Amino acid sequence: MNEPVFPPLLTGHPVQGGEDPFERAQAMAALGCDAGTVVYSVQADRLRVAIVLAPEVSLQDAMAMLPLCAVGFQNALGALAPPEVAVHLGWDGLICVNGAKCGRFKTAASTADPDATPDWLIVGWDLALLQTSDAPGETPDVTALYDEGCADVSPTQLVESWSRHMLTWLNRWQDEGNAPLHAEWMGLLRGVGEPIGDQGVFLGTDERFGMLIRSGAETHLRPLTYLLETA
């Protein structure tokens, strides 16, 4: 496999075997690696990527990097996949291809304090390329990229395309704030207007991408920091 070629400002760091790029990125960030380090693992059945970011804003504002990286992914796969392939996103980081779960985004930071500026923030994603279950028909809501007409999308191409789209959105976010990203993300978000278990109805998101849940006469806000993985 050819290694991905990253745009300037980003540096690729492949990991081998079963090592988790998300965990490796956290360890590298804690030791002070450069922002823009992209740790990735390409296996026959899955693609995993994590990027180290060094925000200059509070954690609650820096959490915009989660939807930003997810929108970059949707744009990247949308550009590479056949036109009939639909890619949608879940508020909780879910990646859906043609309506079925295909992967997810997750995030970690050096602090859980929403008002503090984190030393580092990691956004990682994990995508199924091939289904490994013996009876995939038993889980119709779970899929893999190559089962959805995307066998010609190479993992290397996808990582390269994601890194470019993500940087484009990052530049736009720095210039224009959350509004353009919010508009793009809301157009890709699944589940709006639908119940979330017995918690209430998912109304949409606030300007900081927090989930608005309507329960009876009350509306509750679930901030994006709710999704932080604990180190």
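E19 comes out as partly exposed, at 30% relative accessibility; partly exposed sits between buried (under 20% relative accessible area) and exposed (over 50%), using a 1.4 Å probe and protein chains only. Its partner in a salt bridge is R24, which is also partly exposed, at 27%. Here a salt bridge means a side-chain nitrogen of Lys or Arg within 4 Å of a carboxyl oxygen of Asp or Glu.

Keep in mind that this is a predicted model, where local features need pLDDT of at least 70 and side-chain atom pairs count only at pLDDT 80 or more, while totals for chains, interfaces and linings use all residues. Residues are numbered from 1 along each chain as its sequence is written, and side-chain values use heavy atoms, leaving out hydrogens and water.

By the salt-bridge rule, the count is six. Among them are these:

| Pair | N to O distance |
|---|---|
| E19 and R24 | 2.8 Å |
| R208 and D61 | 2.8 Å |
| D141 and K101 | 3.8 Å |

R208 lies in the loop between β8 (201–205) and β9 (211–215) and D61 in helix α2 (residues 59–62), so this pair ties together parts 147 residues apart in sequence. Helices (H or I, at least four residues) and strands (E, at least two) are DSSP runs, numbered from the N terminus. R208 is partly exposed at 35%, and D61 is partly exposed at 25%.

Now for a residue in helix α4 (residues 155–176): S161. S161 is buried, with a relative accessible area of 4%. Leaving aside residues up to four places away in sequence, S161 touches A76 and L80, where contact means heavy atoms within 4.5 Å.
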